[in-house]
Amino acid sequence: MSQAAAPSTRFTGRTAIVTGASRGIGLAIAERLVAEGAKVVITARKQEALDQAVAQLGPEHALGIAGHADDADHQAEVVARAIDTFGSVDLLVNNTGINPTYGPMVELDLAAARKIFEVNCLAALSWVQQAHRGWMKEHGGAVVNVSSVAGLRPAPGIGFYGASKAMLTHLTQQLAVELGPDIRVNAVAPAVVKTKFATALYEGREEQVAAAYPLKRLGVPDDIGSVVAFLLSADAAWMTGQLLVIDGGVTLTGGV
């Protein structure tokens, strides 16, 4: 086995909550954390999908709890059950994000905009509050928020989604200042990753979309999982309030 592929135990004895983790990026993050010794509590809207993910992760390592990411009662239940089942809440990954609308912002349905804001911004803040109240205030911890390159510059068709992710990045910085030194808060900003969520951005024209990327491919969930694991680990112990762009180089060429 190569040195790069050697198993790691850097999360042994630690528990992570990963939201939106029944598939895609969230599941890849959970898989990486479990592979490195963590116990994980994963959330999503549908219990059946979570049960399948838990079976994949290993029931001895994972617990799946269905609910809406912006439901405070659900958040409190997840934190409490994580502590009851695995003994702690050391790590939090706010991965849940929605974008139910597409088109110019001047035609944006404001009800949809409010929902995007509730889920992508306020829910992430509320998850941090719940984890802080339930465990991290006394014991410390690490948080990673999943933002987007759409929050770095105008993104045609998904402008308010991008605005919500820009706010999430600012929340990351503000929380990092307020919660240090015992709690670190960082974020990642992926470009297009091949998931069901992003299908509309590349389906039927993947080669054309990837051509704009210096690395000539779109991302895959594992590309994000590895960087999130780094930010949660002691390897990033002197990093907080940072946004790591994971984009195959596309923002260097003016793309999103």
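Predicted model: local features only at pLDDT ≥ 70, side-chain atom pairs only at ≥ 80, totals over all residues.

Me: At roughly what angle do H3 and H4 cross?
Reply: Two packed helices are described by the angle between their axes and the distance between the axes. For H3 (residues 72-86) and H4 (residues 110-139), the axes come within 10 Å. The crossing angle is roughly 35°.

Me: How many charged residues does the contact of H3 with H4 have?
Reply: On the H3 side you have Ala72, His74, Gln75, Ala76, Val78, Val79 and Ile83, and they meet Ala123, Ser126, Trp127, Gln130, Ala131, Gly134 and Trp135 in H4. Sorted by class, that contact has nine nonpolar and five polar residues. The count of charged ones is no charged residues.

Me: Are H1 and H2 roughly parallel or oblique to each other?
Reply: These two pack at an angle of about 30°, with axes 10 Å apart, and their crossing is right-handed. Angles under 35 degrees count as roughly parallel. H1 and H2 are therefore roughly parallel.

Me: Which residues of H2 make the contact with H1?
Reply: From H1, the contributors are Leu27, Ala30, Glu31 and Val34. The whole contact of H1 with H2 divides into five nonpolar, one polar and one charged. The H2 residues are Ala53, Gln56 and Leu57.

Me: And H1 with H7, are they roughly parallel or oblique?
Reply: Helix H1 (residues 24-35) and helix H7 (residues 221-232) have axes 8 Å apart, at an angle of about 50°. H1 passes H7 in a right-handed crossing. Roughly parallel needs an angle under 35 degrees, and roughly perpendicular starts at 65. H1 and H7 are therefore oblique.

Me: Which residues touch the most other members of the largest nonpolar core?
Reply: That core has 34 residues. Elements that each supply at least two of its residues include H1, H7, strand S2 (39-44) and helix H2 (47-57). The ones touching the most other members are Leu33, Val40, Ile42, Val188 and Leu232.

Me: How many residues are in the second, separate core?
Reply: Its members include Ile65, Val78, Trp135 and Leu179. Ile65 is also among the contacts of isoleucine 42, leaving aside neighbours within four places in sequence. The second core has 21 residues.

Me: Does tyrosine 213 count as buried or exposed?
Reply: Tyrosine 213 is in the loop between helix H6 (206-210) and H7. Leaving aside neighbours within four places in sequence, the contacts of tyrosine 213 are Ala191, Val192, Leu218, Asp247, Gly248, Val250 and Val256. The cut-off for buried is under 20% relative accessible area. With 3% relative accessibility, tyrosine 213 therefore counts as buried.

Me: How far apart in space are tyrosine 213 and valine 250, C-alpha to C-alpha?
Reply: Along the sequence, the two are 37 residues apart. Valine 250 is also one of the contacts of tyrosine 213. The C-alpha to C-alpha separation is 4.5 Å.

Me: Does lysine 216 count as buried or exposed?
Reply: Lysine 216 is found in the loop between H6 and H7. Most residues other than glycine have a negative phi, yet phi of lysine 216 is positive, near 60°. At 55% relative accessibility, lysine 216 counts as exposed.

Me: Which residues are joined by a cis peptide bond?
Reply: Most peptide bonds are trans. The cis one to look at has an omega of about 10°. Its proline is in the loop between helix H5 (159-179) and strand S6 (183-190). The residues joined are glycine 180 and proline 181.

Me: How does methionine 239 count by accessibility?
Reply: Methionine 239 is in the loop between H7 and strand S7 (243-246). Contacts of methionine 239, leaving aside neighbours within four places in sequence, are Arg184, Asn186, Phe230, Leu231 and Leu244. At 22% relative accessibility, methionine 239 counts as partly exposed.

Definitions and conventions:
Residues numbered from 1 in each chain as written. Heavy atoms only, no water. Axes fitted to C-alpha atoms, helices over the stretch in contact; angles between N-to-C directions. Helix = DSSP H or I, 4+ residues; strand = E, 2+ residues; numbered from the N terminus. Parallel < 35°, antiparallel > 145°, perpendicular 65-115°, else oblique. Left-handed = near helix turned anticlockwise from the far one by under 90°. Core = buried A, V, L, I, M, F, W, Y, C linked by side-chain atoms within 4.5 Å. Buried < 20%, exposed > 50% of the residue type's maximum accessible area, 1.4 Å probe, protein only. Contact = heavy atoms within 4.5 Å. Nonpolar A, V, L, I, M, F, W, Y, C, P; charged D, E, K, R; others polar.
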